Amino acid sequence: MPKRYVSIWFRHLLTDWKAIRQPDLKGTAFVFAKRDRGRMLVTALSAKAAHYDVTEGMTVTDAQMIAPGLQVFDDKPGRNIKLLNGLAEWCLRYTPYVALDPPDGLLLDVTGCTHLKGGEKAYLQDIAKRLKESGYDIRPAIADTIGCAWGVARCANSGLIVPVGGHRNALMSLPPAALRLPLDTLVKLENLGLYHIGSFIHSPKQTLRRRFGKDMVLRLLQALGLEEEFLLPLKEAVPYTERLECLDPVSTRPAIENALETLLDRLCKRLYGEGLGLRTAIFTWYRIDGKNGALTIGTNHPTHRSSHLFKLFFIKLDTVAPGTGIELFTLEAPKTEAVADKQSDLWAPKPGADSEEVAELLDRLSGRIGNGNVKRYLPDEHYWPERTASPTTELQKKPASEWFSDRPRPIQLLDKPEPIDAMAQIPDHPPKQFTYRGKQHIVVNADGPERIEREWWLEPGEHRDYYIVEDDEGNRYWVFRSGHYSAGNTRHWFLHGFFA
Amino acid sequence: MACFCFHVTIYHSTTKNHQVMTASQRELISSLKQDILQWEGFRAPAAGAKTAFGLGSIDHAFPNQVFPTGVVHEFISECPEQTSATGGFIGGLISVLLQNGGACIWVSYTRRIYPPALKRFGIEPDRIIFLDVPRQKDVLWATEEALKCEGVAAVICETQQLNFMESRRLQLAVEKSQVTGFIVRKSMKNINTTACTARWQVKPVRSQLRPGVPGVGHPRWHVELLKVKNGNPGSWTLEWRNQEFRLITEFKAAEQSRRYA
């Protein structure tokens with residue numbers, strides 16, 4: 001399939017943008033200017049200003065002389081790139097490969113995309129119409145090479161659709177400026193009387209290289225398709241992408257669900273055929289007012305079961321804001337993994353924690369309560385009670401060490417030890433009685449102390465002397481004294497946990 | 001369906017009648033009783049599949065003389081001390097349930113359970129999946145979802161609120177999936193009716209070591225079975241020793257009198 005590229009030229013990118021934001025400027029002469037060596041230079045001008053023969057690089061004072069009532073706005077460097085980025089994102093609805101073409105253009109690789117709108121003509125017309133409606137003055141062109149499309153968009157008077165293989169003919173009548181050449185080369189060509197590309201297209205390449213430098217030859221060859229040229233796409237295209245275009249914009253919930261289901265079915269069928277399962281999926285919608293949004297889901301194990309994936313999306317589907325209507329849906333699977341089609345175990349009594357059912361359950365749960373809130377604990381090599389178990393969100397991870405079990409630990413541990421009023425007979429003895437939350441407990445049995453040193457390389461502080469105490473009602477607690485006994489300090493007893 | 005109670009009253013108006021009941025009639029009645037159990041969501045234990053929880057004579061309190069699995073148990077706890085005792089008791093039960101494989105899910109809104117301590121109750125703490133639900137209203141939703149999943153062996157849910165309707169939903173979920181659910185109702189103020197199969201209350205009691213040995217002994221609880229469908233409520237004193245339950249039958253009266261002396 002021959003490559004096809006679209007180049008979109010925004011003739012008055014910045015001023016059109018300004019006029020969209022301030023509609024009263026529409027049709028008036030105004031320019032953007034920047035300060036340069038003590039004077040103001042025009043950097044961008046509106047169509048009306050161009051009508052008065054104002055040009056870029058003119059000083060503002062000169063421009064105001066020839067154009068009465070010219071308004072001047074400050075130019076901000078980098079604004080055009082920002083604008084182009086936004087427009088390029090909008091253009092993603094036409095093709096997955098969109099690249100910026102600074103200062104005032106976009107390049108689209110539309111190979112195999114034009115049939116979506118019913119042919120190249122309709123495709124270009126659709127782009128032009130939609131962008132014109134939003135207020136941009138553009139010229140799109142389509143050709144076999146990037147260079148040719150670029151030149152035709154900017155310099156040709158007609159024939160914006162260059163037929164397949166027709167780029168050489170199309171270039172013939174264009175001025176050398178259509179070749180994306182630097183100004184000094186253009187001046188040189190002008191001085192030599194080479195006003196059309198056709199005048200030098202047949203000259204030997206060595207001669208051209210000697211006279212105009214190798215860049216000029218490269219540009220010529222690129223425009224002719226004899227030299228490769230690559231786009232730097234705005235977004236890496238995902239190989240597993242499905243798109244669904246709506247005949248009419250949709251905004252109802254059943255229609256959105258239907259679209260999602262259709263896309264999931266298609267994508268899952270494709271993944272199934274290749275023995276793959278997805279780990280993340282992105283459901284994107286494009287609204288007719290140019291806004292778009294996306295939902296992302298993740299799974300714990302690779303899957304291509306569309307009903308399960310639909311459930312995961314379903315939990316979040318409330319956040320889809322269709323506005324005035326959605327015209328296009330896409331579904332991407334940026335992360336896929338090989339899925340092993342397991343033979344079902346006939347004899348297994350009950351599927352284990354790593355079974356598909358449990359993984360799907362956890363996908364659903366984490367979709368609603370948040371991914372970080374579904375966790376397991378693995379043993380960690382620390383004695384400090386708060387750090388003995390480290391949380392993990394991975395389900396398959398195996399513990400690296402044994403669980404520490406040679407000392408009794410309370411089944412309930414307070415996040416933060418709570419201070420208690422305790423009375424101990426002699427410094428290193430367990431408390432005889434203590435008051436916790438206003439209730440007095442008489443200690444009848446006690447074990448301890450178990451001294452746990454603080455891990456000084458992690459945090460500073462005192463060590464703890466832990467005691468297991470049992471009160472007269474049979475309640476068992478884990479209490480500790482922070483640091484060494486000191487006569488003046490009464491606030492150093494804490495309750496940290498409850499034993500079963 | 002199982003939540004409706006089928007009251008089948010068998011009339012034994014006189015002892016004479018009882019005596020003349022033939023063997024075939026008795027057979028019929030026992031099979032009818034089995035039917036009722038089945039309608040109420042109990043499954044008769046398959047031969048050889050009896051799971052031994054080591055509860056000793058407590059088993060006699062249950063229908064079919066076996067601790068009911070695949071149902072929802074409710075545990076009442078008034079204070080953190082009771083919640084810990086309940087946690088220990090449940091730990092001992094799920095260690096048996098988990099032997100047959102399957103996942104264990106612990107759902108809670110304010111969790112204090114300390115995973116390393118579960119090792120003492122025969123559970124590998126890394127096998128339990130904890131769901132720390134940030135919104136209280138999602139707790140029962142998550143529990144129901146987990147109870148519906150057949151790959152799960154046990155679900156523990158810590159919640160304060162559970163009305164009859166919610167408990168019925170949970171009970172219906174387990175009837176299909178045969179997952180065992182444990183609902184721990186923390187800091188409970190007033191008891192309401194629920195559709196759970198059994199209602200328990202576990203309170204810690206003083207541990208005992210051999211006379212003259214100082215220190216704190218093995219975890220010991222006063223386990224009360226307040227309500228059980230088709231069974232007989234009762235209360236027992238249990239101890240968790242050497243990875244199994246021990247039923248304590250000793251002079252409780254003597255101990256108590258000493259306390260108040």
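**Exercise 1.** How are H11(A) and H12(A) oriented to each other?

*Solution.* The model is predicted. Start with the two helices: H11 spans residues 253-273 of chain A, and H12 spans residues 306-316 of chain A. Next, take the geometry. They pack at an angle of about 140 degrees, and their axes are 9 Å apart. Then apply the cut-offs: over 145 degrees counts as roughly antiparallel, and 65 to 115 as roughly perpendicular. H11(A) and H12(A) are therefore oblique to each other. Their crossing is right-handed. Finally, find the contact. H11(A) supplies Leu260(A), Glu261(A), Leu264(A), Asp265(A) and Cys268(A). H12(A) supplies Ser306(A), Leu309(A), Phe310(A) and Phe313(A).

**Exercise 2.** Find which residues of H4(A) are buried, and explain why they sit on the same side of H4(A).

*Solution.* Check the helix. H4 of chain A covers residues 79-91, 13 residues in total. Its first and last C-alpha atoms are 18 Å apart, close to the 18 Å expected. Now list the buried positions: Asn80(A), Leu84(A), Leu87(A), Ala88(A) and Cys91(A). These cover an arc of only 105 degrees around the axis, which puts them on the same side of H4(A). The general rule: an α-helix has 3.6 residues a turn, so residues three or four places apart point the same way. Turn to the other side of H4(A): Lys82(A) and Gly86(A) are exposed there. Last, identify the partners. The buried residues pack against H1 (13-21), E5 (97-101) and E6 (105-109) of chain A.

**Exercise 3.** Which element gives the most to the side of chain A that touches chain B?

*Solution.* Count the contact: 48 residues of chain A meet 46 residues of chain B. Elements giving two or more residues on the chain A side include helix H13 (356-369), strand E12 (374-379) and strand E17 (439-452). H13(A) gives the most, with eight residues.

Technical notes. Residues are numbered from 1 along each chain as its sequence is written. Chains are lettered from A and ligands numbered from 1 in the order in which they are written. This is a predicted model: local features need pLDDT of at least 70, side-chain atom pairs count only at pLDDT 80 or more; totals for chains, interfaces and linings use all residues. Helices (H or I, at least four residues) and strands (E, at least two) are DSSP runs, numbered from the N terminus. The expected span of a helix is 1.5 Å times one less than its number of residues. A residue is buried if 20 or more other C-beta atoms lie within 10 Å of its own, exposed if 12 or fewer, and partly exposed in between; C-beta atoms are placed from the backbone. The arc is that of the directions from the helix axis to the C-beta atoms. Two residues are in contact if their C-beta atoms, placed from the backbone, lie within 7 Å. Axes are lines fitted to C-alpha atoms, for helices over the stretch in contact, and angles run from 0 to 180 degrees between N-to-C directions. Angles under 35 degrees count as roughly parallel, over 145 as roughly antiparallel, 65 to 115 as roughly perpendicular and the rest as oblique. A crossing is left-handed if the near helix is turned anticlockwise from the far one by less than a right angle, and right-handed if clockwise.
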